[in-house]
Amino acid sequence: MSKDAVNTAAATPRTDAAQVPADAGDAGYSKDLKPRHVNMIAIGGAIGTGLFLGAGGRLHNAGPALAIAYLVCGVFAFFVVKALGELVLYRPSSGSFVSYAREFLGEKGAYVAGWMYFLNWSTTGIADITAIALYTHYWSLFTDIPQWVLALAALAVVLAVNLISVKIFGEMEFWFSIIKVATLVGFMLIGIFLLATQHKVGGQTPGISVITDNGGVFPNGMMPVVLVMQGVIFAYAALELVGVAAGETAEPEKVVPRAVNSIMWRVGLFYVGSVVLLALLLPGSVYSADQSPFVTVLSKIGIPAAGDVMNLVVLTAAMSSLNSGLYSTGRILRSMAMAGSAPKFTARMNRSQVPYGGILLTCAVCVLGVGLNYLVPAQAFEIVLNIASLGIISTWVIIMICHLVFVRRAKEGLVDRPSFRLPGSPVTEITTIVFLLACLGMMWNDPEVGRKTLLLVPLIAAMLVTGWFGIRRRVSATADQELSQLTK
């Protein structure tokens, strides 16, 4: 729907607005996600392979200062989700930020937001199925099975779950999150016990001395901490899922504020807390990118099967990410298709009120990832992970721009801001946008992968421009049709 059409819709009486959604893509969904589902989706979005696996290499490079990087990035991630939460309470939508971009930035804004988010999750999906295959190979039972076969099997299982119903998706995500949280809490209890009892870990007595005797908080200087920011931002990707899920819950005005406000203390507890514990237990130089930092600690104190348990948890985190990616892109693509900026088939829903067209399109890209696993199994994960980071940073920037316009219109008396608000506008939004763009620029300092990824930006921009000229007439025709229906 065009900006003018939305403004017209907003001017219609409440009774009509209740019958006709402000975004045509919101029609037809069930409201089967319960508060516990949305709460755990919020937690699940904040805990993933970025912590369970990625923290090892980052600790090695940045040392204990990694906790500061997680805290800083966590604050800005919270600002993004808080801004999105305010927009959700203004108007819940399964199209989420794409729907808000359509209203506040026009169809071009929605088009860019939607396809960049699709780029993020389709490439993340490839990374996830690659990770699942790699983690499964850890067990000897699966060693002889080709990596691409395991990747395809994982994709098939998660696809089936997503197509059944949103309630099944919610349940699956709920239990995935329970496993991740229970693992983290269990490790933190063990870590606190080791600190309290001064039990030696790898021949060293845990405590502040582990940090002070090994170069302090910044053992390798400030630059590694700055460079690690881009990877840390990606670790928080999926927090915006709360906004998408809100469109399929019965009482978003009660569920969303609670879920969003809890994200900050979860980031502080799970990310910052666990990294501080890891730094107090072993020197940063002991950790590596090849092994989960939690496995490193547990193996040093002789806990049997630590690798098996953590591998299962990391496998769960990757499955959870893939599950979330298929869910969110299905809803986003349907919102775009109803406005004419995505293929028509992505608007289709099955009997269970699941937008299967968009989910299948994401799966199709992931199948290309299965081919990538066949051709270059060693490089597949790193290639797609960096491309995905372009998508998530652009998505978050668009959310903040939408919020800026929303607040400006509220000051003009055109819309009403809910009581649940992002504080400090417009300084908060502008500071967050600058920080996110700075993280993107930091990729240039990585000549091996990051710089090559940034060189893709002109290519992606050219593809977006070409695509827009290909669909702009259809978008305009769809907007005119909806406008005529609203003014009847």
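**View 1. Packing of helix H8 against helix H17.** In this predicted model, where local features need pLDDT of at least 70, side-chain atom pairs count only at pLDDT 80 or more, and totals for chains, interfaces and linings use all residues, helix H8 (residues 107–136) packs with helix H17 (residues 306–339) at an angle of about 155 degrees, their axes 8 Å apart. Helices are DSSP runs of H or I with at least four residues, numbered from the N terminus. Axes are lines fitted to C-alpha atoms over the stretch in contact, and angles run from 0 to 180 degrees between N-to-C directions. H8 and H17 are therefore roughly antiparallel, a term for angles over 145 degrees. The contact between H8 and H17 comprises 19 nonpolar, 10 polar and two charged residues; Ala, Val, Leu, Ile, Met, Phe, Trp, Tyr, Cys and Pro count as nonpolar, Asp, Glu, Lys and Arg as charged, and the others, Gly among them, as polar.

View 2. Met 442 lies in helix H20 (residues 427–442). Apart from neighbours within four places in sequence, Met 442 contacts Val 226, Leu 227 and Met 229, a contact being heavy atoms within 4.5 Å. The C-alpha atoms of Met 442 and Val 228 are 8.8 Å apart, although 214 residues separate the two along the chain.

**View 3. The contacts of Phe 52.** Beyond neighbours within four places in sequence, Phe 52 touches several residues, including Ile 47, Leu 184, Phe 294 and Met 310.

Residues are numbered from 1 along each chain as its sequence is written, and side-chain values use heavy atoms, without hydrogens and water.

Note on methods:
Helix = DSSP H or I, 4+ residues; strand = E, 2+ residues; numbered from the N terminus. Parallel < 35°, antiparallel > 145°, perpendicular 65-115°, else oblique.
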